[in-house]
Amino acid sequence: MNFKAHGKLLLSGEYLVLSGAEALAIPLKFGQELSVSEGPINQITWISKSPTGIWFSATSNENSQIIESSNEKSAQFVSGIMLAINSLRSNFFQQFIGKTITITADFNMSWGLGSSSSLIGLLAQLAAVDPLTLHRMVSNGSGYDAVAAVSSGAFLYNLRNGVATITPTTLSPVFSHGVYFAYLGKKEDSQAGVSRFLRSEKVWPSGMIDEISTISYSMAHAESIPHLCQLMERHEEIISEVLGIKPLKQLRFNDFEGSVKSLGAWGGDFAMFCSSLPTNQVYSYIAAKGLTPIFRFNDITLGYD
């Protein structure tokens, strides 16, 4: 019994996707796998691994109660997912008493590429339940990441009145030629970022929401690298106004020959770079800023070689 779920990146629509803006998302080659094997009797054993080894372990009973764990916050999250699944499928985890459920990630967990959302995707597959339904039971985010976990390609994501519309899309070749991603060195808590945004209770102008939606669609179908760069910069201006934070390029990369866009919760995780410069020059620039790892679009995005 084995399942695979993908990591994710939200290329546009961060924060305002919660207010009805259409967002552009991609599933990643990075992700997590789930396997089930024999384990100690009278309990369910949970083990989570990353490339550096085991980072979380716990034991539970079939009723979502954690008996012991190496990390209380992670244990509560696992327990919450179990509880949600058991409410959708009565006594589902009873069959896993005496089993070990192993979750193996092939990326550094500090990168913020979707360890939680891909776990939801894995357990949704295990239980044969809808990942978006499960997400809504355990998370306050938009749910795009749970969709990405089980998607095979880029998609536009719109959430209005609690109803999600998912539109698969083919990205412009511009992405393969001029887009790069770099880890900024600090994982942001996306749940906390979403909570802060929702607590603001501000009603954003419909024109702003519509413009982000237009930018998302236009980014997917960008006509050239300069066109994509222009769209990224306008997107940064809008979200900067929403959050009251200066755009990332102004703060850290003002001499970059191209555009830089924050991804996910502003202040950490990954950034998206767009430039007409040769690849080696883009790599040299980013590396000189002390950032690692750096990925070309095709290196990280599912469905591209």
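Which residue takes a positive phi in the hairpin of β7 and β8? N161 does, with phi near 55 degrees. The legends below begin with that hairpin.

The model is predicted, so local features need pLDDT of at least 70 and side-chain atom pairs count only at pLDDT 80 or more, while totals for chains, interfaces and linings use all residues. Residues are numbered from 1 along each chain as its sequence is written, and side-chain values use heavy atoms, with hydrogens and water left out.

**View 1. Strands β7 and β8 form a hairpin.** Strands are DSSP runs of E with at least two residues, helices are runs of H or I with at least four, and both are numbered from the N terminus. β7 covers residues 155–160 and β8 covers residues 163–168. The two run antiparallel and are joined by six bridges. Two strands pair if DSSP finds at least two bridges between them. R160 stands opposite V163 in β8. Two residues lie between the strands.

**View 2. Helix α1 meets helix α2.** α1 spans residues 72–88, and α2 spans residues 115–127. Their axes come within 11 Å and cross at roughly 30 degrees. Axes are lines fitted to C-alpha atoms, for helices over the stretch in contact, and angles run from 0 to 180 degrees between N-to-C directions. The crossing is right-handed. That term applies if the near helix is turned clockwise from the far one by less than a right angle; anticlockwise gives left-handed. F77, V78, I81 and I85 of α1 meet S116, L119, I120, L123 and A127 of α2. Contact means heavy atoms within 4.5 Å. The contact residues divide into eight nonpolar, one polar and no charged. Nonpolar covers Ala, Val, Leu, Ile, Met, Phe, Trp, Tyr, Cys and Pro; charged covers Asp, Glu, Lys and Arg; the others, Gly among them, are polar.

**View 3. Helix α2 also packs against helix α3.** α3 holds residues 131–138. The axes of α2 and α3 come within 9 Å and cross at roughly 125 degrees. α2 is therefore oblique to α3. Angles under 35 degrees count as roughly parallel, over 145 as roughly antiparallel, 65 to 115 as roughly perpendicular and the rest as oblique. This crossing is right-handed. I120, L123 and A124 of α2 touch P131, L134, H135 and V138 of α3. Six of these residues are nonpolar, one is polar and none is charged.

**View 4. Four strands make an open, antiparallel sheet.** The order is β10-β11-β9-β12. β10 (259–262) and β12 (294–296) are the edge strands, each pairing on one side only. Neighbouring strands are turned by 25 degrees against each other on average, direction ignored. β9 (residues 179–183) pairs with β12 over three bridges. Y180 stands opposite R296 in β12. Helix α10 (residues 279–288) packs on the sheet and touches β9, β11 (270–274) and β12. The direction of α10 makes about 160 degrees with that of β12.

**View 5. Y183 and F270 form a tilted aromatic pair.** The whole structure has 21 aromatic pairs. Rings of Phe, Tyr and Trp (its six-membered ring) pair if their centres lie within 6.5 Å; planes under 30 degrees apart count as stacked, over 60 as edge-to-face and the rest as tilted. Here the centres are 5.6 Å apart, with 45 degrees between the planes. Y183 sits in β9 and F270 in β11, 87 residues apart.

**View 6. A cis peptide bond joins T292 and P293.** Omega is about 0 degrees. P293 lies in the loop between α10 and β12.
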